[in-house]
Amino acid sequence: MSVKSVDKDLDALTLTLVAEFSATTEQVWDLWADPRKLEQWWGPPTYPATVVDHDLTPGGQVTYFMTGPEGDTHHAWWRMTAVDEPKSLEFVDGFADADGKPVDTMPTNTTTMTLSPYDGGTRMELRSVFDTSEQMEQLISMGMAEGLTASVGQMDALLA
């Protein structure tokens with residue numbers, strides 16, 4: 001499996017996932033940049049994603065929903081704050097209602113995705129930063145770490 005570590009640091013209010021792939025940085029970037037490829041791995045296997053909007057430019061937005069095994073849908077959004085193709089993305093990540101509007105009562109986090117060459121392949125670091133320990137604990141208790149691990153674990157098959 002490509003995921004090498006998942007670190008929850010309550011003092012720093014961060015959740016950091018590190019994965020390594022036997023693929024070029026550009027190939028890994030393409031799994032983020034192509035919405036149809038993003039749909040194939042973003043979301044745990046039993047909650048596949050459907051990308052509605054996909055604009056990976058500063059100020060752009062990605063909206064999507066995940067569909068559960070019972071047909072339930074869970075909507076979310078990213079607001080892009082920085083993009084350095086094919087090296088990094090930074091976005092605010094939040095929950096949305098069925099119309100794609102942000103749900104203000106749910107926590108957000110700022111996620112930075114960084115790609116770097118590593119040992120003939122690519123290392124990807126996903127670092128989510130939370131505003132408060134309560135927000136972090138809420139999202140962790142909802143399965144954020146496990147869901148992220150399962151999602152990223154699907155990238156290998158797409159890079160083969």
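Figure 1. A pocket is an open set of points on a 1 Å grid over the protein atoms alone, where a 1.4 Å probe fits, with protein on both sides within 12 Å along at least five of seven lines; lining residues have an atom within 4 Å of a point. In this predicted model, local features need pLDDT of at least 70 and side-chain atom pairs pLDDT 80 or more, whereas totals for linings use all residues. Residues are numbered from 1 along each chain, and side-chain values use heavy atoms, without hydrogens or water. The largest pocket has a volume of about 650 Å³, the space filled by probe spheres set on the points. Among its 27 lining residues, Tyr64, Met66, Phe95, Gly143 and Met144 are the closest to the centre. Helix 4 contributes the most to the lining, namely six residues.

**Figure 2. Aromatic pairs of tryptophan 32.** Rings of Phe, Tyr and Trp (its six-membered ring) pair if their centres lie within 6.5 Å; planes under 30 degrees apart count as stacked, over 60 as edge-to-face and the rest as tilted. The structure holds nine such pairs. Tryptophan 32 and tryptophan 41 are edge-to-face, at 5.0 Å centre to centre and 75 degrees between the planes. With tryptophan 32 and phenylalanine 91, the centres are 6.4 Å apart and the planes at 50 degrees, so this pair is tilted. Tryptophan 32 and phenylalanine 91 are both buried (under 20% relative accessible area).

**Figure 3. Arginine 123 and tyrosine 118.** Arginine 123 lies over the face of tyrosine 118, 3.9 Å from the ring centre (CZ of Arg within 6 Å of the ring centre and within 35 degrees of the ring normal).

Conventions
Buried means under 20% relative accessible area, exposed over 50%, partly exposed in between (1.4 Å probe, protein chains only). Helices (H or I, at least four residues) and strands (E, at least two) are DSSP runs, numbered from the N terminus.
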